[in-house]
Amino acid sequence: MRIRIKFKKYGVMKFIGHLDIMRYFQKCMRRGNIDIAYSEGFSPHQIMSFAAPLGVGITSDGEYLDIEVNSTKSSEESLKDLNAVMLEGIEITSYRKLGNSDKKAMSLVAAADYELFIKENYEVPDVNFEAALEEYFHKPSEILITKQTKKSEKVMDLKKLVYDFKIRRDENNRPVFYLHVCTGSTDNLKPELVLSSFYEYLGLEFHPLSIQIHRIDVYGDINGKFVSLGEMGEIIE
Amino acid sequence: MKKLALSDEILLEIDKPARYIGNEVNSIVKDWEKTDIHFAMCFPDVYEIGMSHLGIQILYDMFNKREDVCCERVYSPWPDLHKIMKEHKLPLFALESQKPVKDFDFLGITIQYEMCYTNILQVIDLAQIPMLATERSIDDPFIIGGGPCAYNPEPLADFFDMFYIGEGEISYNALFDLYKEWKSSKKSREEFLKQAAKIPGIYVPSLYKVTYNEDGTIQAFTPIEDGIPAKIEKQLVMDMTSSPYPEKPLVPFIKATQDRVVLEIQRGCIRGCRFCQAGMIYRPTREKDVEVLKQYAYNMLKNTGHEEISLSSLSSSDYSELKELVTYLIDEFKGNGVNISLPSLRIDAFSLDVMSKVQDIRKSSLTFAPEAGSQRLRDVINKGLTEEVILQGAGEAFEGGWQKVKLYFMLGLPTETVEDQEAIADLANKIAVRYYEIPKEQRKGKCQITISTSFFVPKPFTPFQWAKMYPKEHYLECARTVNEAVKNQLNKKSIKYNWHEADVTVLEGILARGDRRLGKALLAAYENGCLFDAWSDFFDNEKWMDAFAKTGIDPDFYTLRERALDEIFPWDFIDAGVTKDFLKREYANALAEKVTPNCRMQCNGCGVGKYKGGVCVENKN
């Protein structure tokens, strides 16, 4: 039986990298009495896979892992058991049983949306972001940027990879950049790359450390439509 | 939400920010305002090493069980953060509250090996506490050191207010009670130290005066006033079974060196190897009850979620209930995906059977630590392992499917000759020959024998505390001899040889048996930039040699001299249980190539019988 777990990552836990989060969850499964299935062999490991790794420093409301279990309690009980062994900074928000035909979260990932904030200890640049966004994002038919990879440079058209780009204002009237971008193994787009390109367009210097990135959710491509990974499967009564 | 001592900018710039944020599973966060005694517990090395240390986990748990104590952890900042903290004058902080170490009442530092001494100075320096104990004021924490190197604390005497000699479980309660009383009395810092010096096991270096002979050796080592004990007796737990043990150990996020449940089955060792300090200072051997250990194993696995459990002791095979314990661990946990790791096991039919159940034979290797190549030299060091036993164990293992053997030796041992060194290669070859005796169709290719050597450093409270060391060139020559001898073996293609640089050995030798005059050299070395000396990437011998030269210290005085039997050692004020007479006897036995039987075979009158416990009273009821 396969289970999809959704969790939030916030606070100091944002400094814990993906590999360590995986190790953390393996131990949580044991502490939380989840009847997780193990692989065969001399050093058996838990059958567990994560949807989309989150970079160090990024917080999230929508992280996912799929596990294989031998048996399970109800969603409600399992949530309670797991949250009882969580640390501050990780909260389990959903525990659902996947259908036999549901694909692994990892292979489904197609998009993710984010909010990017200017951190409190940094000044907001004195520009009209909203008006500029119109010119930068909505009007052109293509936005070409060069992405530096380990081996080479790659020219990408942001227009094809950014599905939405909006700006809202928080209670202190500071801008919050909303980005819905292509994610996954083939065309993974980091949201800070889009914002940095926007800053460059504005003639502003972009300091990655001045921005807090928050992932809202991760989506799979189901018949050409983006569906939140958390909406798949069903609640166990 | 928790406020961190370091900014996002710093944490995202440095390597492994998880080292500095706390928040680990089973960490204990106390209310600062509601606790009277704030104790910062430090392991002066990088987080991954420090978090793997059992002693700190025991004391952290024990201290925090007291309602009036808030005990938090501190580790050495890695050089990347060290630089930033110095540049921005950021004070070193403890992980749980993220508060500056200087705001604590105590800074406790465990001193596990000599090569962390500059890291101790780093911790004090970054904590912004005056480096020298004499310069500290009433507002500064008391700095207290413990651990095996506290059995010769003298090179560090300038930097510590106190040392705790022995096992921490015993005297800290008295120290904490005294602290509370002193705090409300508003008396001076010196007054507290004088009172503390009267608690068993507490050594306050500033209350002792050392005078020297013309040849540089110690003339006298005496308390400066009446009422301060001339001898400090080591503290030890006599009831191991009911002694506190952390059933909810901390679980780090990043992979620590010891990423598993550690079950301490006994303390001490019955063997009496003459080079081994642990084998002397942790005497007598004291076992824990097997039923309690089973309960601990269960609880600790449950509370941590670890997928591996390991036994901890100096010689697991000597634990009398080993079979019962190991069988229980395998039956109870193996099916639940828990790995069982069994270090320090003697290779015999039982251990091979157990190992075949818990490891993948093709991948795992057998470990032997003969420590010396020839039987003659093994008799000198009292290592009871014989060639026959090694070959038999290896033979059985090879027949059981093992192909890899690791062999550990020391070079530079007292009385060692070229023949003893060459015997190392010879022994490795004989093991290989034993492997190739197995018919070709029954074995799978070549065997792999790995020889590793380290250079011997004489330690206080061992029979070799009088022995001389050698110049660096001599150690390297020893390694070359072994290397040449390996190349001359018939089975050289199955044998691999590893050895280390010798600079660190010499330095370790200086510090291990040094005196308080070394303090200024240590400080100079730190000021020269020495840090993380235990890490070969960072160790810089020239900076150390410069520090000795600047401070007028002759390193050879500490290493190249064979000490006279009546010399007063810097550590002689400590009563470690084993008597100096016993150690002298054992030194003489060593030179006479005479083996001393282990504690279970025969009592050798080492002196620890006075504690009336452990192996000394076994079968004597």
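User: Hi! In chain B, what share of the contacts with a separation of 6 or more comes from residues 24 or more positions apart?

Analyst: Hello! That share is 76%. Keep in mind that this is a predicted model.

User: Noted. How many helices and strands does chain B have?

Analyst: Chain B has 20 helices, along with 19 strands.

User: And what is the radius of gyration of chain B?

Analyst: The value is 25 Å. A compact globule of 621 residues would come out near 25 Å, so chain B agrees with that expectation. Its C-alpha trace spans about 80 × 65 × 60 Å along the principal axes, and buried residues account for 47% of the 621 residues.

User: Let's talk sheets. What is the strand order in the open sheet of four strands?

Analyst: The order is E15-E16-E17-E18 in chain B, and the pairing is parallel.

User: Which strands stand at the edges there?

Analyst: Strand E15 (365-371) and strand E18 (495-498) of chain B do. Each has a single partner strand, so one side of each lacks a neighbour in the sheet. On average, neighbouring strands of this sheet are turned by 20 degrees against each other, direction ignored.

User: How many bridges join E15(B) to E16(B)?

Analyst: Five, with the two strands running parallel. To pick out one pair, B:Leu366 has B:Val405 in E16(B) as its bridge partner.

User: What about E16 and E17 of chain B, over how many bridges do they pair?

Analyst: Strand E16 (residues 404-411) and E17(B) pair over eight bridges, again in the parallel sense. Here B:Lys406 has B:Thr450 in E17(B) as its bridge partner.

User: Which residues of E17(B) are on the covered face, and which on the uncovered one?

Analyst: In strand E17 (residues 448-455), the covered face carries B:Ile449, B:Ile451, B:Thr453 and B:Phe455. B:Gln448, B:Thr450, B:Ser452 and B:Ser454 make up the uncovered face.

User: Okay, the open sheet of three strands. What is its order?

Analyst: E10-E13-E14 in chain B, with parallel pairing. Strand E10 (261-264) and strand E14 (339-341) are at the edges with a single partner strand each, so one side of each has no neighbour in the sheet. The twist averages 20 degrees from one strand to the next. Strand E13 (residues 308-312) is joined to E14(B) by three bridges, and B:Ser310 has B:Ser341 in E14(B) as its bridge partner.

User: Which helix lies across E10 and E13?

Analyst: Helix H9 (residues 290-304) of chain B, and H9 runs at about 165 degrees to E10(B).

User: Switching to helix packing: at what angle do H13 and H14 of chain B pack?

Analyst: Helix H13 (residues 387-399) and helix H14 (residues 418-436) pack at about 35 degrees, with axes 9 Å apart. Their crossing is right-handed.

User: Which residues meet there?

Analyst: From H13(B) there are B:Glu387, B:Leu391, B:Ala394, B:Gly395 and B:Phe398, and these meet B:Leu427, B:Lys430, B:Ile431, B:Arg434 and B:Tyr435 of H14(B). By class, this contact has six nonpolar, one polar and three charged residues.

Note on methods. Residues are numbered from 1 along each chain as its sequence is written. Chains are lettered from A and ligands numbered from 1 in the order in which they are written. This is a predicted model: local features need pLDDT of at least 70, side-chain atom pairs count only at pLDDT 80 or more; totals for chains, interfaces and linings use all residues. The radius of gyration is taken over C-alpha atoms; the globule rule is 2.2 Å times the number of residues to the power 0.38. A residue is buried if 20 or more other C-beta atoms lie within 10 Å of its own, exposed if 12 or fewer, and partly exposed in between; C-beta atoms are placed from the backbone. Two residues are in contact if their C-beta atoms, placed from the backbone, lie within 7 Å. Axes are lines fitted to C-alpha atoms, for helices over the stretch in contact, and angles run from 0 to 180 degrees between N-to-C directions. A crossing is left-handed if the near helix is turned anticlockwise from the far one by less than a right angle, and right-handed if clockwise. Ala, Val, Leu, Ile, Met, Phe, Trp, Tyr, Cys and Pro count as nonpolar, Asp, Glu, Lys and Arg as charged, and the others, Gly among them, as polar. Two strands pair if DSSP finds at least two bridges between them.
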